[in-house]
Every structure is written in C-alpha cells, then in structure tokens.
Amino acid sequence: MHSINFFSEDYQENPYYYYQQMHERYPLFYHEPTDSYVISLFEDVERAFKDPIFTSQNYSWQMEPIHGVTMIQMDGREHAKNRNVVVPSFRGKELLEQTFPMIQQSAASLIAAFNGRDVIELRKEFTNIFPIKVIVDILGLPGEDLHLFHRWYTLTSRQFENIANSPEILHTAMAAMEEYRQYMSQVIDERKEHPGTDLLSVLCTASIDGVEMPKDRIMGFCSALLQAGGETTDKALASMFRNLLLNPDQLALLRQDKTLLDRAITESLRYSPPAHMIYRVTSEKVQVTGGEIPANATVVCMLAAANRDASKFEKPDEFNILRKEIDPKTAYSGATGISSFGFGRHFCVGAQLAKMEMQVAVEALLDHMAEFEFADNKVPREIGIFTRYPESMSIRYKVKI
Ligand code: HEM
C-alpha cells in the first residue's frame, strides 16, 4: 500500500495538497511511523464516526495522562450515560437564556481592552482567551482566577497539537494538571456543600447508576471541557479572520449582509476545521474505499480532508460563503453537512455553543473594526497537522465610529 508521510516538511507546509492526493490516489493508506490506517473521503470518515466497529479507545495516550478517562474515550452505554450528564447544559434554551449574555459580556470586555490601539495580536488578545473565559463562566469557576485556568489550559494544549510529542511536553502538561487538581479539589468540596445552577454544580450533584461522580472524574470533565472547547474555538475564530482577510470579496459580502454570518462560520469551519485528524480503533476488520482495515488497527480519520472531498463539495479548495452544499441551519446538529464537529454518538457536545461564541465574537469584532488588514502585510502562517491554525495574527485596524 502506498503512503504519505505526515512528518515530511512538505506535508507540514501544505497538507491540503496531500488531501487531494489522498482522495485521488490513496483513499486508504498505511502510515508506518504511527502504525495507523488513514482514511480521507467524506463518506468513509462519516461512516467511521457512526459505525461502532470504529471505537474511541485510541485517545488514551493523548488524553488519559492529562484528563483521566472522560466521555471522549468511552464507548457504548458508559459513554451515553456520562455524556447525558452534560448534554442538557449545552442545549438551545439553556444556552440562550443563561450563556448568551455572558458570552456577549466576555467579547465586549476583551474588545474594550484593545483600548483604541491600531494594531492588536488577535490570537493573544482575543481568540485564545475568549473561549476559556466562556467555559470558566459556564462552569461557575471563580472569574478572578481566569489567568490560572488559562495558564493550565495553555500548558496542557501542546499535548493535543501533534501526533507525536516530546516527553518534555507531556511532563509540563502533567505538572500543570497537578496544580489544577489541587486547586479544583477545594472548589469541588465547596460546590458539593453549596450547589448552584452552574455546570460544575450539575457535575457535583450528578449520579450515574445511583453512584455519585468521583472527584477525579469531575476534575477530568472540567479540564476536558476547557481543552475541547478552548483550543477548537480559538483556532476556528483565528482561521475565520485569516480566511476573510485572504478573501476580501467574501468579507465584503458579509459586511453587506450580516444574515450571511451563519454561512460564513460554517464555510470557515469546513475550509479550516481546527481538528484535522481524529483517531478510532477497529474492533473487527472492516472494508472502506481502497481496501480493508484489519481488526485492532488505529484509524486516522482525516476530517479536514473529508471537508475538501470534491465528490461532496464543488471546488472544495475555494472559500465560498455562498456555497450551495451547506445548509447553515443543520450545520451544528448531528445532521451537519461538514465533518468539523464529527458525527454520530460523539458529535461535538459544544457545537451549538461554539457557533454562538463565533457569532458573537465575529459580529462584535466586525462592528468594532471599520477596516482591517494583516499588520505589515504579513499573512499569518498556519501550523500543526493534528490541529491546524494561524500561529499568530497581528491585525492593523481602524475603529468604527
Ligand atoms: C467532541 C470539534 C467546540 C466539547 C468533538 C468532536 C469534534 C469536535 C470533531 C468529535 C470527537 C470524536 O468524535 O472523537 C469541535 C470544534 C469546535 C468545538 C470544531 C469549535 C469550533 C467545543 C466546545 C465544547 C466542546 C465549545 C464545550 C465547551 C466537546 C466534547 C466532546 C467534543 C465534550 C466529546 C463528545 C463525546 O465524546 O461524546 N468536538 N468542538 N467542543 N466536543 Fe467539540
């Protein structure tokens, strides 16, 4: 079987070229350095998320040392029971009534801190902090300690950015998690005594099969939410601004007609999903386009490649907010037409929240900035192959009066 090397410099520079190669020549290939089978066609990726032959167990090496066992690595009834504890907090009504005003407030306070300067670093000053602030609020954690949560999150994030890491990255992440656990232990004790209406109180008072959730599990739930909701939304927002600036005609369309915002968000998530790869492990041998994957094999599902599948999307390498294949109304439900939130039983719990965060943030930033461009005309470089995102993003802008 032919192969493509994820670790080559060329691949790291422009994985999109290789996504096309995968579709045309290697819809299934074996990646020897990581002992995994790679699938990339939309149809195969969607099936891998939906078919229980593809289990979620291979997250262990990445997730377990940091967050312990969470719903992300679980399968079957155990997964459903754990997931159901948090699902109601991420549904439309709760989100609209409780969370929407907090999100607006968070975006406004970060924009106020730009303080009339004409150049900002959008990632550092906005996209990297905003989703963490939102999750800290939803969990009902002390807002004055946002800097601590942000630090722990930043130190653990590097573990999730690539498909192979140095031991130093894991060591730093584990030390950060030790500090986090000591801090959270006391907060959880207090919240169990005096529960409120926040998500941490939901976790502290929940029971599964009549058994209270152990403290370790609650801590892992919270850190996994900070991770899953933080780095994805940060990267999605930064990529969206990069896409809009690289496609001024599309930015102009959005400026003219704000009702296109949902479409623009969905198209940006299709074009530049934060997570490019997600793992599964086969419980038995299975046939996909291009051949057979054996039992107990690690499968890399190429979400970003699936979103560029020409049999699903016309001119897939064009960023087009009017594209006809996408119905923005279903894009954040299980029936999504893009692969960026996954599919099936592990479909992103936070998809509605992420959409709401992106709507609020993009609207508030476009309202604040009359005109904007990359500072010094420097197009931000995209990095990462597991998750992919603009490394930094300096923006020069004029305040809207
Ligand atoms: C699951 C993407 C935002 C929480 C997932 C999965 C993807 C994804 C692809 C599926 C993983 C799998 O099947 O193995 C994204 C993207 C986001 C985003 C692109 C932003 C643009 C969020 C937010 C939260 C969140 C804001 C919550 C605060 C979760 C959780 C899971 C998950 C808890 C695991 C669900 C399960 O295993 O049943 N996300 N996510 N995500 N996401 Fe998101």
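This is a predicted model: local features need pLDDT of at least 70, side-chain atom pairs count only at pLDDT 80 or more; totals for chains, interfaces and linings use all residues.
Let me begin with the sheet, in which 3 strands lie in the order β4-β14-β11, open and with antiparallel pairing, where two strands pair if DSSP finds at least two bridges between them. Because β4 (119–121) and β11 (369–374) each have a single partner strand, they stand at the edges, and one side of each is left without a neighbour in the sheet. Neighbouring strands here are turned by 35 degrees against each other on average, direction ignored, with axes being lines fitted to C-alpha atoms, for helices over the stretch in contact, and angles running from 0 to 180 degrees between N-to-C directions. β4 pairs with β14 (residues 394–399) over 3 bridges in the antiparallel sense, and E121 stands opposite S394 in β14.

Residues are numbered from 1 along each chain as its sequence is written, and side-chain values use heavy atoms, with hydrogens and water left out.

The protein chain as a whole has 16 helices and 14 strands, where helices (H or I, at least four residues) and strands (E, at least two) are DSSP runs numbered from the N terminus. Of its 401 residues, 55% count as buried, meaning under 20% relative accessible area, with exposed over 50% and partly exposed in between (1.4 Å probe, protein chains only).

Now to helix α14 (residues 261–271), which is mostly covered, since 9 of its 11 residues are buried. What covers those buried residues includes α2 (15–24), α12 (215–246), α13 (248–256) and α16 (351–368). α12 also lies across β11 and β14 of the sheet, running at about 90 degrees to β11.

Which residue forms a salt bridge with E267? The partner is R323, with the closest N and O atoms 3.1 Å apart, a salt bridge being a side-chain nitrogen of Lys or Arg within 4 Å of a carboxyl oxygen of Asp or Glu. R323 lies in the loop between α15 (303–306) and α16, and E267 in helix α14, so the pair ties together parts that are 56 residues apart in sequence. R323 is buried at 3% relative accessibility, as is E267 at 1%. Salt bridges that share partners join E267, R270, R323 and E325 into one network.

For contrast, R151 and E179 form a salt bridge whose closest N and O atoms are 2.4 Å apart. R151 is partly exposed, with a relative accessible area of 37%, and E179 is partly exposed at 38%.

Key
Contact means heavy atoms within 4.5 Å.
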